[in-house]
Amino acid sequence: MSMNKNTKLAALAVAAVLVAGSGAAETLNATNPWAVMINMQGFGLVATLESDSSGDPKIASRVSDTKFSVYFYGCEDKEDCTSIQFSAGYDLNEGITAERVNEWNLTKRFAKAYVDEEGDPFLEMVLNMDYEGVGLENFEDSLDVWRLLIEDFEDFIDW
């Protein structure tokens with residue numbers, strides 16, 4: 001019996017939930033975007049799996065009212081990725097200067113910010129998930145760090 005793409009994806013999602021819930025999987029890596037998404041949902045985030053403009057996996061999510069994306073990097077043929085990057089962008093009426101954003105970067109360790117050509121700030125955090133992956137507790141802690149950084153950054157930019 002052959003399975004269509006949607007059926008295969010649904011089966012992978014169910015398998016990811018079963019493995020994550022069974023305690024058998026103690027690590028998470030970027031080769032399984034469904035498992036990353038399921039663990040984000042388990043943390044209480046809304047998360048949906050999509051594709052970016054290159055066809056690589058991407059997760060759309062949000063913290064409170066702030067939408068953000070999780071991009072997958074180091075992918076081979078749109079699979080077997082090695083790292084993820086959390087990214088949130090802000091459309092400011094007056095923009096923000098690079099000097100002001102540099103003040104943020106000088107005091108923060110886990111996330112970096114930059115300004116696009118329109119003066120709008122972006123916040124990003126990279127998580128290396130290659131080889132043995134990341135422990136589930138560490139992943140949840142990283143999600144919490146990201147949440148706190150978003151809150152701090154929004155205060156910093158007067159969002």
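I started at Cys81, which is buried at 2% relative accessibility. Buried here means under 20% relative accessible area, exposed is over 50%, and partly exposed falls in between, with a 1.4 Å probe and protein chains only. A caution for everything below: this is a predicted model, where local features need pLDDT of at least 70, side-chain atom pairs count only at pLDDT 80 or more, and totals for chains, interfaces and linings use all residues. Residues are numbered from 1 along each chain as its sequence is written, and side-chain values use heavy atoms, with hydrogens and water left out.

Which cysteine pairs with Cys81 in a disulfide? I found Cys75, with the two sulfur atoms 2.0 Å apart. The rule asks for a pair of cysteine sulfur atoms within 2.5 Å, and the count by that rule is 1 disulfide. I noted the S-S torsion of Cys75 and Cys81 at about 105°, so this disulfide is right-handed.

**Confidence**

I checked pLDDT next, the predictor's confidence in each residue on a scale from 0 to 100. The chain averages 88, and 84% of its residues reach 70 or more. Over residues 6-24 the pLDDT is below 50, yet beyond near neighbours in sequence I see 14 contacts for this stretch in the model. A contact means heavy atoms within 4.5 Å.

**Ser61**

I found Ser61 in strand β3 (residues 57-63). Helices (H or I, at least four residues) and strands (E, at least two) are DSSP runs numbered from the N terminus. Is Ser61 buried or exposed? It is buried, with a relative accessible area of 7%. Leaving out residues up to four places away in sequence, I get Met40, Leu45, Val46, Ala47, Thr66, Lys67 and Phe68 as the residues Ser61 touches. For Val46 I also logged its backbone oxygen 2.5 Å from a polar atom of the Ser61 side chain.

**Helix α2**

Met40 took me to α2, where it is one of the buried residues. In this helix (residues 33-42), 8 of the 10 residues are buried, so α2 is largely enclosed by the rest of the structure. Besides Met40, I listed Pro33, Trp34, Ala35, Val36, Met37, Ile38 and Asn39 as buried. Gly44 follows α2, and I read a positive phi there, near 105°.

**Ala98**

Last, I looked up Ala98, in helix α3 (residues 98-107). Ala98 is partly exposed, with a relative accessible area of 42%.

Note on methods: Polar contact = N/O pair within 3.5 Å; in protein donor to acceptor, adjacent residues only side chain to side chain.
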